[in-house]
Amino acid sequence: MDQKIFADLHNHTTASDGDFTPDQIIEQAKRLGIRVIGITDHDTLKGLKTATAAGKKNGIDVIPGVEVSIRFKRSYFTGTLHLLCYFSPAMLMEDSFMAKINKILAKGRGDKLVRARVDEINKFFGPNGTTPLLNRDLKFEDIAELSDNATRRHFSLALKDGFGIIDADTINAIIGNDSPAYLPSGIKLEQAVDIIREQGILAVLAHPAAGSFPGKGHYKEVLPPLDIVQQILPEFIEAGVRGLEVYYPGHIKAHQDLMKSWAEKYHLLVTGGSDCHDGIERPLGVQGLCEKEYVVFKAALA
């Protein structure tokens, strides 16, 4: 990152699959000199009130948000794309708004989906499966004990800690998009429209080029390549998406330049963030917006 990061707008806490509590990630932002931080946990609004309170305490502006999983099952793509949906802190106090968003988000995850995924994994990779890779059946409790908002990362952790599977290719064979056991999470795009077009929401397509990262990337195995994103992008714009996440750890310079050209072509905002999940592999403060870019983003959010 050539420019000073003023705002890091894409980060996760223990409310979803991050290692840091909301308080801890705000304290880290302060130590790094970041003035604005976006808290965007996967498919949940939990943790946002705590984060905004910690922000006030530490002199950090917190932009509340949520990373919404949008699922697709098409001939050319089965999997998820992600939307970062931002809103003002004042909306956290509006019970009707919170209830509406939570009701929509609940359709995309939960125990039912986790149990279905566990059953599929056992059918293919359990001791009695068609391709045995596990020394015992995976249990619902193996995932549930890690989080009540399970993501792919929690399945990966369960395979590492509970089954001793540390080879990334083996883990990807079990839970990746190309796995016969794969079931995409999230809501359909038409269901997300009620969030995207909600008054005060600013929706941004997250890490559009991460699936084309040259080398090993955290999302390369589960996100589609750029040509598929480009094919679906007009549908997101029609649904009301107003921005693209340009600055991202999984975007090389060529990707950033391409995303900027898309933003210009479709009159979309430019955003960016670290997608922090932990302190080592996916830390805070590696990508984001300079102050000038953030001013534009903030004006659109108001």
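Biologist: Into which domains is the protein chain divided?

Modeller: There are two: domain 1 covers 7-106 + 185-301, and domain 2 covers 111-175. Such bounds come from an automatic or database domain assignment. This is a predicted model, where local features need pLDDT of at least 70 and side-chain atom pairs count only at pLDDT 80 or more, while totals for chains, interfaces and linings use all residues. Residues are numbered from 1 along each chain as its sequence is written, and side-chain values use heavy atoms, leaving out hydrogens and water.

Biologist: How many residues of each domain take part in the contact?

Modeller: Domain 1 gives 14 residues and domain 2 gives 10; contact means heavy atoms within 4.5 Å. The domain centres, taken over C-alpha atoms, are 26 Å apart.

Biologist: Why is the pair R153 and D19 called a salt bridge?

Modeller: The term needs a side-chain nitrogen of Lys or Arg within 4 Å of a carboxyl oxygen of Asp or Glu. In R153 and D19 the closest N and O atoms are 3.2 Å apart, so the pair qualifies. Between domain 1 and domain 2 the count is 2 salt bridges.

Biologist: What area do domain 1 and domain 2 bury between them?

Modeller: About 890 Å², with 41% of it on carbon and sulfur atoms. Buried area is the accessible area (1.4 Å probe) that two parts lose on being put together, summed over both.
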